[in-house]
Amino acid sequence: MKLLCDRIRKDGQILPGNVLKVDGFVNHQIDVRLFSEMGRAFYQAYRDCGVNKILTIESSGIGIACFTAQFFDVPVVFAKKSRTSNIPDAVYAAPVHSYTHGNDYQATVATRLLGAKDRVLIIDDFLANGSALRGLCELCRQAGARVVGAGIVIEKAFQPGGRELRAEGLRIESLAVIESMDERGVTFAEESLR
Ligand code: 5GP
């Protein structure tokens with residue numbers, strides 16, 4: 001998606017540890033027009049797949065998932081990273097390693113919100129080593145839900161998550177695929193620049 005790649009080139013910051021900071025338009029401040037275009041792109045990719053639920057993980061996935069869900073007219077469920085309630089829900093739970101914080105946590109979804117009738121599109125902001133996406137797939141597996149595919153805003157293709165999960169049969173559509181990034185800037189895969 002050229003609009004997104006141009007914005008990453010203009011406003012993205014490359015941090016140590018292969019982290020791309022996109023706080024000015026994705027992760028802290030949100031560019032709603034860009035999000036709407038991203039939602040439309042995910043809709044175009046998955047419109048014929050019978051999606052009836054969108055699953056993401058808090059917090060940065062929620063905004064993108066909501067814009068996408070408006071096109072599909074389906075609800076969004078977001079997996080939680082911590083359990084807050086005193087009255088515990090029955091939950092599906094899957095371990096995730098946080099790329100940016102370096103810690104491990106359990107991603108959970110209440111069992112009443114995901115089930116065997118669901119055809120799920122998973123949405124997330126980044127794909128790096130694939131732990132978050134793998135965790136979300138695992139929650140769907142526990143629920144008996146069918147994952148039709150994943151929509152990722154920024155895939156860092158020099159990290160192994162996308163390659164490994166595609167090899168396992170998961171369909172992944174990424175709007176900006178980064179082949180490499182260093183102090184000279186970001187190189188995108190050819191198809192992302194259209
Ligand atoms: P993975 O689980 O695929 O290793 O990493 C994906 C998750 O880590 C995303 O949900 C995102 O929150 C975070 N993440 C991974 N790489 C980056 C990055 O370069 N920049 C930012 N801002 N977040 C990232």
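**Notes on the ligand pocket**

1. The largest pocket has a volume of about 730 Å³, where volume is the space filled by probe spheres set on grid points joined across faces, edges and corners. A pocket here is an open set of points on a 1 Å grid over the protein atoms alone, where a 1.4 Å probe fits and protein lies on both sides within 12 Å along at least five of seven lines. Please keep in mind that this is a predicted model, with local features needing pLDDT of at least 70, side-chain atom pairs counting only at pLDDT 80 or more, and totals for chains, interfaces and linings using all residues. Residues are numbered from 1 along each chain as its sequence is written, and side-chain values use heavy atoms, without hydrogens and water.

2. Lining this pocket are 31 residues, each with an atom within 4 Å of a grid point. Ser-98, Tyr-99, Thr-100, Asp-125 and Phe-126 lie nearest the pocket's centre. The lining divides into 13 nonpolar, 11 polar and seven charged residues, with Gly counted as polar, Tyr and Cys as nonpolar, and Asp, Glu, Lys and Arg as charged.

3. The ligand sits in the largest pocket, meaning that more than half of its atoms lie within 2 Å of the pocket's grid points. Two or more residues of the shell around the ligand come from each of β2 (19-21), β7 (119-127) and α5 (131-143); helices (H or I, at least four residues) and strands (E, at least two) are DSSP runs numbered from the N terminus. β7 gives the most to this shell, with four residues, and β7 also gives the most to the pocket lining, again with four.

4. Around the ligand are 16 residues, the closest being Leu-20, Ala-128, Asn-129, Gly-130 and Lys-156; a residue is near if one of its heavy atoms lies within 4 Å. Seven of the shell residues are nonpolar, six polar and three charged.

5. Look next at the polar contacts (pairs of N or O atoms within 3.5 Å). A ligand nitrogen is 2.7 Å from a polar backbone atom of Leu-20. Ligand oxygen atoms lie 2.8 Å from polar backbone atoms of Asn-129 and Ala-132. The protein covers 89% of the 500 Å² of accessible area that the ligand has on its own, by the Shrake-Rupley method with a 1.4 Å probe.

6. Two backbone details deserve a look. Most residues other than glycine have a negative phi, and most peptide bonds are trans. Asn-18, in the loop between β1 (13-15) and β2, has a positive phi of about 60°. The peptide bond from Glu-58 to Ser-59 is cis, with omega near -5°, and Ser-59 is found in the loop between β3 (53-57) and α4.

Note on methods
Polar contact = N/O pair within 3.5 Å; in protein donor to acceptor, adjacent residues only side chain to side chain.
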